[in-house]
Amino acid sequence: MPAKAAAAPEESEIRRRRRTQAILEALKSRYPDPQIPLHHRCPFELLVATILSAQCTDETVNRVTPELFRRFPTPETLARADLGEVEELIRPTGFYRQKARAIVECSRRLVKDHGGQVPPDMEALVSLPGVGRKTANVLFAAAEIERWPGWPHDRSRPDGTGIVVDTHVTRLSRRLNLTEHLEPDRIEQDLMRLLPPEEWSRFSLRLIYFGREVCTARSPRCGSCPLRQWCPSAAYAGSPPWMAARRTAARRTRQSR
Ligand code: SF4
């Protein structure tokens with residue numbers, strides 16, 4: 001009989017909130033002023049850079065965008081661009097054919113429907129080609145941190161925006177047992193419930209930096225980790241059985257489709 005898969009440790013909502021607060025404070029003291037890692041000079045550039053960052057490192061995106069934006073500095077110019085030229089410029093980011101189509105189509109829609117501006121509105125953003133909730137949340141986080149004019153800087157009112165959930169945020173949220181879910185939308189909901197809205201933008205950035213430096217995918221440094229006292233995965237060197245169990249379940253679901 002196969003061994004029963006271990007579940008994530010159960011804990012009360014109050015205890016999880018306290019733990020989250022302690023993790024938040026530790027991350028704040030390590031990263032007091034986190035910045036958006038994708039280079040940009042305006043919402044349009046960050047929108048394009050974020051679309052390019054899918055399945056690709058920020059460093060690679062930052063290497064290709066200076067020339068891309070030198071050739072096509074506005075939505076109007078990118079909307080009229082030759083697709084082959086765009087593909088060549090962004091080729092190092094991978095999936096370059098789909099991405100070139102997405103950023104050119106997106107620029108066309110910005111010109112046609114939004115007067116060449118990036119709309120500061122979740123619903124309008126996610127209706128653009130190549131733009132999902134994660135990309136839109138990156139823009140809202142940057143708008144808050146960099147005080148973009150015309151964009152919301154205060155998350156205390158419900159406006160449909162949330163928390164950026166990328167691969168690092170997903171991995172760390174599960175290792176830290178802040179969520180039991182695998183799906184970004186559900187992880188986002190769990191984090192939004194645990195954190196005050198004014199922390200949403202910077203919390204995910206801090207997790208992303210921490211995921212690159214300490215809690216990496218392959219070799220988490222649990223022995224010297226400043227979060228270890230609040231992390232149930234520390235006892236498993238970062239590979240807790242509940243994550244293996246979910247990975248297997250996800251693989252089985254995919255295979256049965
Ligand atoms: S203790 Fe290990 S698994 Fe937990 S946050 Fe730190 S590095 Fe990641």
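1. A residue is taken as buried if 20 or more other C-beta atoms lie within 10 Å of its own, as exposed if 12 or fewer do, and as partly exposed in between. The model is a predicted one. On that criterion, helix α5, which spans residues 83–90, has V86, L89 and I90 as buried residues. Viewed down the axis of α5, these buried residues fall within an arc of 85°, and they therefore line one face of the helix. An α-helix has 3.6 residues a turn, so residues three or four places apart point the same way.

2. G84 and E88 are exposed and sit on the face of α5 turned away from its buried side. The buried residues, for their part, pack against three helices: α2 (43–52), α3 (58–71) and α6 (96–114).

3. The largest nonpolar core comprises 53 residues. Those that touch the most other members are L46, L47, V48, I51, I103, L139 and A142. Because domain 1 (13–34 + 162–252) and domain 2 (43–146) both contribute residues to this core, it lies between them. As a general background, nonpolar side chains tend to be buried together in soluble globular proteins.

4. The domain assignment divides the protein chain into domain 1, made of 13–34 and 162–252, and domain 2, made of 43–146. Their C-alpha centres are 28 Å apart. How many residues of each domain are in contact with the other? On the domain 1 side there are 11, and on the domain 2 side there are seven.

5. On the side of domain 1 that touches domain 2, the elements giving two or more residues are α10 (184–194) and α11 (200–213). The largest share of that side, four residues, is supplied by α11. By class, the residues of this side of domain 1 are five nonpolar, three polar and three charged.

6. Which residues come nearest to the ligand? Of the 14 residues around the ligand, they are C215, P220, C222, C225 and C231. The shell as a whole divides into nine nonpolar, two polar and three charged residues.

7. W151 is placed in the loop between α8 (133–146) and α9 (167–175). It counts as partly exposed because it has 17 C-beta neighbours inside 10 Å. When neighbours within four places in sequence are left aside, W151 is in contact with P120 and A143. W151 and S233 are separated by 82 residues in sequence and, C-alpha to C-alpha, by 38 Å in space.

8. F95, in the loop between α5 and α6, has a phi near 45°, a positive value in a residue other than glycine. N177, in the loop between α9 and α10, also is not a glycine and has a positive phi of about 55°.

9. Are these two residues buried or partly exposed? F95 is partly exposed, since 14 other C-beta atoms lie within 10 Å. N177 has 20 other C-beta atoms within 10 Å and is therefore buried.

Methods
Residues are numbered from 1 along each chain as its sequence is written. This is a predicted model: local features need pLDDT of at least 70, side-chain atom pairs count only at pLDDT 80 or more; totals for chains, interfaces and linings use all residues. The arc is that of the directions from the helix axis to the C-beta atoms. Two residues are in contact if their C-beta atoms, placed from the backbone, lie within 7 Å. A nonpolar core is a set of buried Ala, Val, Leu, Ile, Met, Phe, Trp, Tyr and Cys residues joined through C-beta atoms within 7 Å. Domain bounds come from an automatic or database domain assignment. Ala, Val, Leu, Ile, Met, Phe, Trp, Tyr, Cys and Pro count as nonpolar, Asp, Glu, Lys and Arg as charged, and the others, Gly among them, as polar. A residue is near a molecule or strand if its C-beta atom, placed from the backbone, lies within 6 Å of it.
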